Amino acid sequence: MMAKISKGMIALYTGIAIFITLILVLFSYLHANKVKDWWLVSLQTRVFFLPLIFYILAISVGFGVVTYILISLFRKSSFGEIEEKLRLLVAGNYESELLKESVSHSKENHYLTAIDQDIVQIGQKLNKLSTELQTLNSRPQLMDGQTKEEILEVERHRLARELHDSVSQQLFAAMMMLSALNEQAQKMELPLPQQKQLQMVSDIINASQSEMRALLLHLRPVSLEGKSLKMGIEQLLNELQSKIKIKLKWEAEEISLAPTIEDQLFRIVQELLSNTLRHAKAEELEVYLHKVGQNVLLRVIDDGVGFDTSEQNAGSYGLMNIKERVASVGGTCKIISFKGQGTSVEIKIPIV
């Protein structure tokens, strides 16, 4: 019953019940003493300058508050540990010591003991599932003698090379020509509307160049090429810092992981950076890689335009792809974003 009725409702019902009880007691007492107009007595009789009805209301409210506090304490003692275990499961902390042992409750709450044991078993199964996912992900899937990753890498490299040799070079040439035209327009003192139009075209081409850099970052080969994950991320960010105007900040620990997990995390970092450059319009970007307990924690934060996570199309295809990558290695992905306030992506993958 307590699970179906809120604490506030129980406290309210208790206060009302106490109020009715006190009114009935007062009515019975006055009726036994043959006092008429008992309700006037409750209003006119004063104790310490306050009507008697005020004390009846105060006692009723007091009992309601005490009931609310007692129920809160009871629920916290009974369900607090179960709630904490559920939070750990949602956060992906399957290796927590709290999830390894079930707690025996009192005989009256034997159903809580059963629930606690079920949660421990769920945690063990999820941990086992994460291990199996990472093991399965480490096995190469061959297609016509090549792995899917090799095929994608070759195709990405081809597209990146063609874009760099054609579109990127043409955009650069157009930008140089427009810069020269802008200088001539200022020297020739062309009308202001024409100068604004030239500047607008320059801004469009500049934005296209930024988009092209983001696409090339996304399409470039994703292999770490024998480097550690920390070295790969730092090299990627250092290279990126020399090409874009966004302020970059990062911290990365040296963490020993399976090669397939490192490769997936590196691809996720690339995907997140590409999304930020293409959509966020951010001025500052932060990347953090740490080991927390038995988990790898990756956080990418930007101060860009953000988006509404409650919308169905929120996050775009890129974030959906990232969630699929995280799920394929048994991890969890948490995205927090508000329009005009930036985006924070937190990825947690168990080390098994």
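## Nonpolar core

The largest nonpolar core of this predicted model comprises 33 residues, and those with the most contacts inside it are I233, L265, L272, L273, L289, L298 and I347. A nonpolar core is here a set of buried Ala, Val, Leu, Ile, Met, Phe, Trp, Tyr and Cys residues joined through side-chain atoms within 4.5 Å; buried denotes under 20% relative accessible area, exposed over 50%, and partly exposed in between, with a 1.4 Å probe and protein chains only. At least two residues of this core are supplied by each of α7 (229-241), β5, α8, β6, β7 (295-302), α9 (316-328) and β9 (343-350). Helix α8 provides the largest share, 8 residues. Helices (H or I, at least four residues) and strands (E, at least two) are DSSP runs numbered from the N terminus.

Leaving aside residues up to four places away in sequence, L289 touches L229, I233, E251, A252, E253, I255, V296, L297 and L298, a contact being heavy atoms within 4.5 Å. In soluble globular proteins, nonpolar side chains tend to be buried together.

## Sheet and packed helices

An open sheet of 5 strands has the order β5-β6-β7-β9-β8, with mixed pairing; two strands pair if DSSP finds at least two bridges between them. Its edge strands, β5 and β8 (332-337), each pair on one side only. Direction ignored, neighbouring strands of this sheet are turned by 10° against each other on average. Helix α7 packs on the sheet and touches β5 and β6, its direction making about 170° with that of β5. Helix α8 also packs on the sheet, touching β6, β7 and β9, and its direction makes about 10° with that of β7. Axes are lines fitted to C-alpha atoms, for helices over the stretch in contact, with angles from 0 to 180 degrees between N-to-C directions.

## The β5-β6 pair

Strands β5 (residues 247-252) and β6 (residues 284-292) run parallel and are joined by 6 bridges. Within the pair, K249 stands opposite E286, and E251 stands opposite Y288.

## Whole chain and basis

The protein chain has 9 helices and 9 strands. Of its 352 residues, 34% count as buried.

Residues are numbered from 1 along each chain as its sequence is written. In this predicted model, local features need pLDDT of at least 70 and side-chain atom pairs count only at pLDDT 80 or more, whereas totals for chains, interfaces and linings use all residues; side-chain values use heavy atoms, without hydrogens and water.
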